[in-house]
Amino acid sequence: MSNSEYVELNGMPIIGLCYHDIPPREDNTPQKCYHTLKVVYVRQGNGIWNVGDKTYKISPGDVFIFNNNEKRSISTIYPPENLLLTVIDFEPRFIWANHQDLFDSSYLKVFFERKDAAFENRIPGNTV
């Protein structure tokens, strides 16, 4: 089950706040990309998130950061709890297209500058 709210600009959604409630499962769904950037907060549940050739443990309090070129899928949600996610989902042009200098494209570096081999999509909840 999902619930989403979006802000539109010229009739197109540019930023959204989504809530996902996903029951326990084992799933071999192929990884796929999404056209938006995402910041995901894990409110409840445990599982496995596959991002490219990396595998991440999912735990409450974790934060995940994804760009629009990263293939990913949640392969496992462990019982007994559902996985509860809060997702900030936005178009990069929300920042790039702002001509009033309220935003700076440098805010997007965390999504696109992945030169460091040590980059991880997951920020563990116990480190925040």
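Mentor: Start with the terms. Helices (H or I, at least four residues) and strands (E, at least two residues) are DSSP runs, numbered from the N terminus.

Mentor: The model is predicted, so local features need pLDDT of at least 70 and side-chain atom pairs count only at pLDDT 80 or more, while totals for chains, interfaces and linings use all residues. Residues are numbered from 1 along each chain as its sequence is written, and side-chain values use heavy atoms, with hydrogens and water left out.

Trainee: What does the secondary structure of the protein come to?

Mentor: Two helices and 10 strands. The pattern along the sequence is β-β-β-β-β-β-β-β-β-α-α-β.

Trainee: What makes S1 and S2 a pair?

Mentor: Two strands pair if DSSP finds at least two bridges between them. Strand S1 (residues 2-9) and strand S2 (residues 12-22) have eight, in the antiparallel sense. Leu-9 stands opposite Met-12 in S2. Two residues lie between the strands of this hairpin, and Asn-10 there has a positive phi near 55 degrees.

Trainee: How do you know that S5 and S8 pair?

Mentor: Count the bridges again. Strand S5 (residues 47-51) and strand S8 (residues 72-77) share five, in the antiparallel sense. Ile-48 faces Thr-76 in S8 as its opposite residue.

Trainee: In which order do the four strands of the open sheet stand?

Mentor: S3-S8-S5-S6, with antiparallel pairing.

Trainee: Why do S3 and S6 stand at the edges?

Mentor: Strand S3 (25-26) and strand S6 (54-58) each have a single partner strand, so one side of each lacks a neighbour in the sheet.

Trainee: Why is Val-63 called buried?

Mentor: Buried means under 20% relative accessible area, exposed over 50%, and partly exposed in between (1.4 Å probe, protein chains only). Val-63 comes to 19%, therefore it counts as buried. Val-63 belongs to strand S7 (residues 63-66).

Trainee: Which residues does Val-63 touch?

Mentor: A contact means heavy atoms within 4.5 Å. Leaving out residues up to four places away in sequence, Val-63 touches Val-39, Val-40, Tyr-41, Asn-121, Arg-122 and Ile-123. For the protein, residues 24 or more positions apart account for 66% of the contacts with a separation of 6 or more.

Trainee: Why is the link between Asp-62 and Arg-122 called a salt bridge?

Mentor: A salt bridge is a side-chain nitrogen of Lys or Arg within 4 Å of a carboxyl oxygen of Asp or Glu. Here N to O is 2.7 Å, therefore the pair qualifies. Asp-62 sits in the loop between S6 and S7, and Arg-122 in strand S10 (residues 122-123), 60 residues apart. Asp-62 is buried at 1%, whereas Arg-122 is partly exposed at 21%.

Trainee: What makes the pair of Asp-89 and Lys-38 a salt bridge?

Mentor: The N to O value of 2.9 Å, therefore within the cut-off. The pair links distant parts of the chain: Asp-89 in strand S9, Lys-38 in strand S4, 51 residues apart. Asp-89, at 7%, is buried. Lys-38, at 14%, is buried too.

Trainee: How do you know that Asp-27 forms a salt bridge with Arg-25?

Mentor: Their closest N and O atoms are 3.6 Å apart, therefore the criterion holds. Asp-27 is partly exposed at 24%, and Arg-25 is partly exposed at 30%. The structure holds four salt bridges, including this one.

Trainee: Which strand gives the largest share of the lining of the largest pocket?

Mentor: S2, with four residues. S2, strand S4 (37-44), S8 and strand S9 (83-90) each supply at least two.
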